[in-house]
Amino acid sequence: FEKRQENNEFLECEQVHGLGYWYGTLKSEVDRAAKQGGWPFLEIDVQGTLKLKKQFPQTITLFVRTSSDEEYEKRIRNRGTESEEVIEKRLATIRKELEQAQYYSHVIINDDLERAVTEIGTILKQRELEINAGRIKEEEIVNKVGGRFKLSSLIQKRIVALNRGARPLVEMQTKNHMEIVVQEIMEDKIYLDQSGEVAITDDGSPLDAIEYDDAGPTLEDLV
């Protein structure tokens with residue numbers, strides 16, 4: 001285990017409950033799941049989860065808990081597998097972990113196993129639908145522009161223009177230039193002309209007709 005730590009083979013690893021036991025998730029296992037077209041499903045502690053979220057912000061995180069601290073203590077004691085010292089350490093750990101539940105995507109109350117499983121299944125199914133919708137939208141955009149190379153060129157040039165002060169051609173709440181450009185493409189506001197330059201505005205005018213703020217770019221800045 002220590003050698004694998006030294007070789008940076010873990011996606012995350014932590015000592016849990018302060019009992020001297022180390023747990024970790026190997027990067028190779030996550031890669032194996034991805035190569036098979038599956039989802040890595042990790043059962044890890046709060047420390048590991050928060051580290052994972054920093055590396056992969058889009059990760060779905062589920063904090064599974066009982067409805068009360070008393071119920072949690074009852075379940076641990078009913079197992080009859082841990083000493084009083086271990087039970088006290090686990091209770092101290094869970095109190096600290098509950099403070100971190102707010103940073104999870106979802107909190108699942110596991111007082112009814114069937115209901116909890118159904119809730120988790122619904123969350124994962126919704127995520128799957130979102131991913132599939134994103135793939136469909138990506139394919140639609142690629143086809144609309146005429147290929148991935150053209151799409152990449154169009155996005156890069158348009159983002160440069162937006163960074164230099166060009167006004168968005170769509171009304172959106174976000175300030176994320178990538179999202180703005182994608183929406184401009186979807187609404188047929190921009191495309192690459194035969195010379196490979198960005199063309200078309202919201203009213204069909206060429207880009208040299210766009211109005212800019214006083215500190216905005218010249219036409220040369222767009223190319």
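Predicted model: local features only at pLDDT ≥ 70, side-chain atom pairs only at ≥ 80, totals over all residues.
Q: Which residue just after α7 takes a positive phi?
A: Here we step past the end of the helix. The phi in question is about 115°, and the residue just after α7 that takes it is Gly-165.

Q: Which element gives the largest share of the largest nonpolar core?
A: The largest nonpolar core has 19 residues, and Leu-151, Leu-154, Val-181, Ile-185 and Ile-190 have the most contacts inside it. Two or more residues of this core come from each of α6 (113-145), α7 (148-163) and α8 (177-186). The largest share, six residues, comes from α7.

Q: How many residues are in the second, separate core?
A: Let's turn to the other core. Its members include Ile-76, Ile-87, Leu-91 and Ile-94. This second core is separate, and its size is five residues.

Q: How many aromatic pairs does a search of the whole structure find, and is the pair of Phe-1 and Trp-22 stacked, tilted or edge-to-face?
A: The search finds three aromatic pairs. For Phe-1 and Trp-22, the ring centres are 6.4 Å apart and the planes are at 50°. Planes under 30 degrees apart would count as stacked and over 60 as edge-to-face. The angle lies between those cut-offs, so the pair is tilted.

Q: How many residues apart in sequence are the parts that the pair of Phe-1 and Trp-22 ties together?
A: Phe-1 lies in the segment before α1 (2-6), whereas Trp-22 lies in strand β2 (residues 21-26). Phe-1 counts as partly exposed at 41% relative accessibility, and Trp-22 is partly exposed with a relative accessible area of 41%. Ring pairs also link Phe-1 and Trp-22 with Phe-10 into a cluster.

Q: What is the angle between the planes of Phe-63 and Tyr-104?
A: These two rings form an edge-to-face pair, and their centres are 5.1 Å apart. Edge-to-face calls for planes over 60 degrees apart. For Phe-63 and Tyr-104 the angle is 85°.

Q: Are Phe-63 and Tyr-104 buried or exposed?
A: Phe-63 lies in strand β3 (residues 62-65) and Tyr-104 in the loop between α5 (84-98) and β4 (106-109), so their pair ties together parts 41 residues apart in sequence. The relative accessibility of Phe-63 is 5%, and Tyr-104 has a relative accessible area of 11%. With the cut-off for burial at 20%, Phe-63 and Tyr-104 both count as buried.

Q: How many helices and strands does the protein chain have?
A: From the N terminus on, the elements run α-β-β-α-α-β-α-α-β-α-α-α-β-β. Counted by type, that gives eight helices and six strands.

Key: Residues numbered from 1 in each chain as written. Heavy atoms only, no water. Core = buried A, V, L, I, M, F, W, Y, C linked by side-chain atoms within 4.5 Å. Buried < 20%, exposed > 50% of the residue type's maximum accessible area, 1.4 Å probe, protein only. Helix = DSSP H or I, 4+ residues; strand = E, 2+ residues; numbered from the N terminus. Phe/Tyr/Trp six-rings, centres within 6.5 Å; stacked < 30°, edge-to-face > 60°.
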